[in-house]
Amino acid sequence: LGEPLVVIRRSALTAVLADALAVGTLRTGLSADALLPTGDGVRVTLSNAATLHADAVVGADGTHSMVARHLNGALSNRYVGYTAWRGVADCTIDPDVAGEVLGPGVEFGLVPLGADHTYWFATERTPEGGQKPQGELAYLRSRFAAWADPIPQVLAATDADVVLRNDLYDRDQAR
């Protein structure tokens with residue numbers, strides 16, 4: 001779209017946003033269990049049974065969203081046929097190679113992340129709920145070993161403890 005791509009770690013973005021709030025505003029380690037619209041906002045019941053009053057509630061909690069269920073009733077989730085892996089490598093890439101590389105039923109994406117890191121993701125058509133017996137990162141290193149540089153180098157510079165594997169889901173359209 002002609003705009004620069006800006007990538008930031010979730011923890012850094014959370015810190016920037018949290019620092020802009022009044023002290024005591026942000027509560028972590030809790031989930032919202034119920035919402036009740038009031039005349040001047042929303043009463044939120046938290047997982048520790050505490051209640052809060054808010055002017056508005058933002059539902060950014062994924063396909064299992066309590067906020068979406070509150071607004072739309074139960075929405076069925078369905079596996080979309082792909083699994084995704086994500087990680088951050090301790091290396092840099094040339095910004096000109098950032099983007100996605102596609103293969104049959106698989107893709108790999110690379111994005112510079114700050115001065116010293118690269119965010120990457122991979123997706124593959126695979127059965128739901130699987131785990132790679134040799135470990136997720138070992139599997140990915142083998143799977144993408146023959147792909148163009150810098151993909152193998154990025155995976156080599158990734159710590160296995162930071163690799164996330166998530167099956168991808170969509171939910172029914174709200175009525």
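Guide: One cut-off first: a residue counts as buried under 20% relative accessible area, exposed over 50%, and partly exposed in between. Also, this is a predicted model.

Visitor: OK, so is T25 buried, exposed or partly exposed?
Guide: T25 has a relative accessible area of 45%, so it's partly exposed.

Visitor: And where does T25 sit?
Guide: In the loop between helix 1 and strand 1 (32-38).

Visitor: What about D40, buried or exposed?
Guide: D40 is exposed, because its relative accessible area is 57%. You'll find D40 in the loop between strand 1 and strand 2.

Visitor: What does D40 touch, leaving aside its neighbours within four places in sequence?
Guide: With those neighbours set aside, D40 is in contact with H53, A54 and D55. D40 and D55 are 15 residues apart in sequence, and C-alpha to C-alpha they are 6.9 Å apart in space.

Visitor: How does the lining of the largest pocket split by class?
Guide: There are 14 nonpolar, 5 polar and 2 charged residues in that lining.

Visitor: And how much space lies in the second largest pocket?
Guide: About 440 Å³. Here 16 residues do the lining, and R9, R10, G87, V88 and Y119 are the closest to the centre.

Visitor: Which elements give two or more residues to the lining of the second largest pocket?
Guide: Helix 1 (10-19), strand 4 (77-89), strand 6 (106-113) and strand 7 (117-125). The largest share, 3 residues, comes from strand 4. By class, the lining of this second largest pocket has 8 nonpolar, 3 polar and 5 charged residues.

Visitor: Let's move to helix 3. Which residues of helix 3 are buried?
Guide: In helix 3 (residues 136-143), the buried ones are E136, L137, Y139 and L140. They cover an arc of only 155° around the axis, so they sit on the same side of helix 3.

Visitor: Why would residues three or four places apart point the same way?
Guide: Because an α-helix has 3.6 residues a turn.

Visitor: Nice. What covers the buried residues of helix 3?
Guide: The cover includes strand 4, strand 7, helix 4 (151-156) and strand 8 (164-171).

Visitor: And what's in the loop between helix 3 and helix 4?
Guide: A145 is one of the residues there. It is partly exposed, since its relative accessible area is 48%. A145 and A156 are 11 residues apart along the chain, and their C-alpha atoms are separated by 9.7 Å.

Visitor: Last topic, aromatics. How many aromatic pairs does the structure hold?
Guide: It holds 6. Take F144 and W147: the ring centres are 4.8 Å apart and the planes are at 80°, so that pair is edge-to-face.

Visitor: Are those two, F144 and W147, buried or exposed?
Guide: F144 and W147 are both buried. Together with F108 and W120, they form one aromatic cluster.

Note on methods: Residues are numbered from 1 along each chain as its sequence is written. This is a predicted model: local features need pLDDT of at least 70, side-chain atom pairs count only at pLDDT 80 or more; totals for chains, interfaces and linings use all residues. Side-chain values use heavy atoms; hydrogens and water are left out. Ala, Val, Leu, Ile, Met, Phe, Trp, Tyr, Cys and Pro count as nonpolar, Asp, Glu, Lys and Arg as charged, and the others, Gly among them, as polar. On a 1 Å grid over the protein atoms alone, a cavity is a set of points where a 1.4 Å probe fits but cannot get out, and a pocket is an open set with protein on both sides within 12 Å along at least five of seven lines; lining residues have an atom within 4 Å of a point. Grid points are joined across faces, edges and corners, and a volume is the space filled by probe spheres set on the points. Helices (H or I, at least four residues) and strands (E, at least two) are DSSP runs, numbered from the N terminus. Buried means under 20% relative accessible area, exposed over 50%, partly exposed in between (1.4 Å probe, protein chains only). The arc is that of the directions from the helix axis to the C-beta atoms. Contact means heavy atoms within 4.5 Å. Rings of Phe, Tyr and Trp (its six-membered ring) pair if their centres lie within 6.5 Å; planes under 30 degrees apart count as stacked, over 60 as edge-to-face and the rest as tilted.
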